Amino acid sequence: MIPFLDLASVNQVYRDELIAAATRVIDSGWYIQGREVQAFENEFAAFCGVSHAIGVGNGLDALTLILRAYMEMGVMNEGDGIIVPANTYIATILAITENRLTPILVEPDPATCNLDPQSARNFLESGCIPGTSETFPIDRIKGIMPVHLYGRLAPMEAINAIAATYQLKVIEDAAQAHGACRNGQRAGSFGDAAGFSFYPGKNLGALGDAGAVTTNDPALAAMVRALGNYGSHKKYINEVAGINSRLDEMQAALLRVKLAHLDEDTQKRRMAARAYMQGISHPGINLPMDTGDDSHVFHLFTIRTKHRDALRAHLENNHIQTLIHYPIPPHLQKAYAAWSSHSLPITESIHREILSLPMGPTITQKEIQHVITCINAFDQP
Ligand SMILES: *Cc1c(COP(=O)(O)O)cnc(C)c1O
């Protein structure tokens, strides 16, 4: 069986260093808010090219706390609208609704699956909520949340230009795009703030749950840090009612090991992606658009086909595990039943056609060649 992602083998490569880091934490007697977290925050901020990184409990909390901080700071208020791609992972949407803000779901660019600046602009010019006959007051739109989906940078220049026109906060969901880079600038440094996840399967994966917020805004950084620590800037002094969402010393120490090797791991993903791109040749299958730069870190290698389910079964029969990111878009989830009548055909076709092939830093050329051979031999119905 070729697994979709073999996490044991990913971490095996760094086993000795991970054990040394874990041992250091165990022996330190200090497990929350210590030197490892501080060091990781500094190293991750430097990696992203920002002045602040704040460790939090997971990626969802990272996004939730950014919005919560803007609410505490008076930048956003309950009910305000946040523009977001309709085809994102549910966590992006949960971060918005958790804060009683209103997601405005816009169609993605079908070529990249990322937020389409034109869809956002069309909404902002008309006030018409995409796929509905409803409108939303434009002066209550306060933010835009591009998602670097599958590891590909969203078109940040165009998004930042829209944000400047309409005075929106730009919050990157960078959970899938650690290290994705355009003209030397990395994911997490394009917007006003960004949320990262270090869920084990992410490109920079902890050995448990973990996340971080990055920003160049010192006031926002201080508010996020306080909110994740019971709302306390100073021990036992609570200015806001916060939560407990902290990165712990153990995960920080392990993440420091993995961060030091992240660029190598990304190169291995890019090599695997290149092999897929050069090898797959099938009239019914569309490959991801090649940008020819470092803006894609291939968290996922996704292909599109009208015969997705048949192809998936064919690969399964050939002992190749694939996954679907994602089978059901947020507006068709039961959790958001109120949006079930939204008509978002581009989003819905992506969810019908997308398929993620095995991808990771330890996948072998032989495994990739087997996947390619099986795909090219697929007899579509
Ligand atoms: C993984 C992910 C999240 C959530 O991160 P967790 O650490 O699992 O909470 C948010 N957004 C996107 C796009 C993700 O892929």
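The side chains of Arg186 and Asp263 meet in a salt bridge, with 2.8 Å from N to O. By salt bridge I mean a side-chain nitrogen of Lys or Arg within 4 Å of a carboxyl oxygen of Asp or Glu. Before going on, the model is a predicted one: local features need pLDDT of at least 70, side-chain atom pairs count only at pLDDT 80 or more, and totals for chains, interfaces and linings use all residues. Residues are numbered from 1 along each chain as its sequence is written, and side-chain values use heavy atoms, with hydrogens and water left out.

Now the domains. The assignment gives domain 1 (7-106 + 113-257) and domain 2 (262-377); such bounds come from an automatic or database domain assignment. The count of salt bridges between domain 1 and domain 2 is 1. Their C-alpha centres lie 24 Å apart. In contact terms, meaning heavy atoms within 4.5 Å, 37 residues of domain 1 touch 35 residues of domain 2. The two domains bury about 3,000 Å² between them, 59% of it on carbon and sulfur atoms. Tyr150, Arg152 and Asn203 supply 27% of the area that domain 1 buries against domain 2, more than any other three residues. Buried area here is the accessible area (1.4 Å probe) that two parts lose on being put together, summed over both.

Where does the largest cavity lie? Domain 1 and domain 2 both give residues to its lining, so the cavity lies between them. A cavity is a set of points, on a 1 Å grid over the protein atoms alone, where a 1.4 Å probe fits but cannot get out; lining residues have an atom within 4 Å of a point.

The lining includes Leu5, Asn203, Lys258, Asp265 and Arg269. By class, the lining has 5 nonpolar, 3 polar and 4 charged residues. Nonpolar covers Ala, Val, Leu, Ile, Met, Phe, Trp, Tyr, Cys and Pro; charged covers Asp, Glu, Lys and Arg; the others, Gly among them, are polar. Helix 1 (7-12) and helix 10 (262-279) each supply at least two lining residues. Helices (H or I, at least four residues) and strands (E, at least two) are DSSP runs, numbered from the N terminus.

Last, the backbone. Most residues other than glycine have a negative phi, and most peptide bonds are trans. Gln167, in the loop between helix 7 (156-166) and strand 5 (169-173), has a positive phi, near 55°. The peptide bond from His325 to Tyr326 is cis, with omega near 10°. Tyr326 sits in the loop between helix 11 (308-317) and helix 12 (345-353).

Methods:
1 Å grid on protein atoms, 1.4 Å probe; cavity = no way out; pocket = protein on both sides within 12 Å on 5 of 7 lines; lining within 4 Å.
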